[in-house]
Amino acid sequence: IDAMATIDAQILEQALEDFASWQTTGIAIPKLSVNVSYRRLRDPALTRTVRRLSIRPQTLSFELLESTFLDDCEESVMTSLKRIRKLGIGIEIDDFGTGHASIVSLLKTGPGTLKIDRALIAPITRALDQRRLVGSIIEMGKSLNIRVVGEGAETMAHVRVLKRLGCD
């Protein structure tokens, strides 16, 4: 068995156990996001693993790193993403803006959420060019019916700017 697949499976199972535990203790976390490697998405066992786990639809998302693979997705990965979506698991593109993904790759991948990398978010309160760039990314995501999140919004000033730009 591939060591990476085993580690990914253990992390997913532990995260789901923690999520269930938090729910029973009254900590209302609406959704859990777990990073999934490109290699793991190529593994047909991933869908089988997810099916055997008790996952309520819309409570789990798989985060895919934008810099890892978006422009060169193999057909097996695209098939895996379709199966994962059918199981009610969301797809999120993490660290958007740090790699080189094209708009075409966003269309192919069809994520539910696009997470703008914190390196682009940090300067938006003081740098107009960064604010414009983030605004453009938000508009692009919205035009593709993708929820857009700004990672690393650490101050209310960040939140206000992101809200003004239409960020979710």
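This is a predicted model: local features need pLDDT of at least 70, side-chain atom pairs count only at pLDDT 80 or more; totals for chains, interfaces and linings use all residues.

Student: At what angle do α8 and α9 cross?

Tutor: Roughly 50°, and the axes of α8 (residues 128-143) and α9 (residues 156-165) come within 9 Å. Axes are lines fitted to C-alpha atoms, for helices over the stretch in contact, and angles run from 0 to 180 degrees between N-to-C directions. Helices are DSSP runs of H or I, at least four residues; strands are runs of E, at least two; both are numbered from the N terminus.

Student: Which residues of α8 and α9 meet?

Tutor: R131, V134, G135 and I138 in α8 meet V161, L162 and L165 in α9 (contact means heavy atoms within 4.5 Å). By class, that contact has five nonpolar residues, one polar and one charged. Ala, Val, Leu, Ile, Met, Phe, Trp, Tyr, Cys and Pro count as nonpolar, Asp, Glu, Lys and Arg as charged, and the others, Gly among them, as polar.

Student: New topic. What volume does the largest cavity have?

Tutor: About 70 Å³. On a 1 Å grid over the protein atoms alone, a cavity is a set of points where a 1.4 Å probe fits but cannot get out; a pocket is an open set with protein on both sides within 12 Å along at least five of seven lines; lining residues have an atom within 4 Å of a point. Grid points are joined across faces, edges and corners, and a volume is the space filled by probe spheres set on the points.

Student: Which element gives the most to that cavity's lining?

Tutor: α1, with four residues. The lining includes D8, R40 and F62.

Student: And how much space lies in the largest pocket?

Tutor: About 210 Å³. Its lining has five nonpolar, three polar and three charged residues.

Note on methods:
Residues are numbered from 1 along each chain as its sequence is written. Side-chain values use heavy atoms; hydrogens and water are left out.
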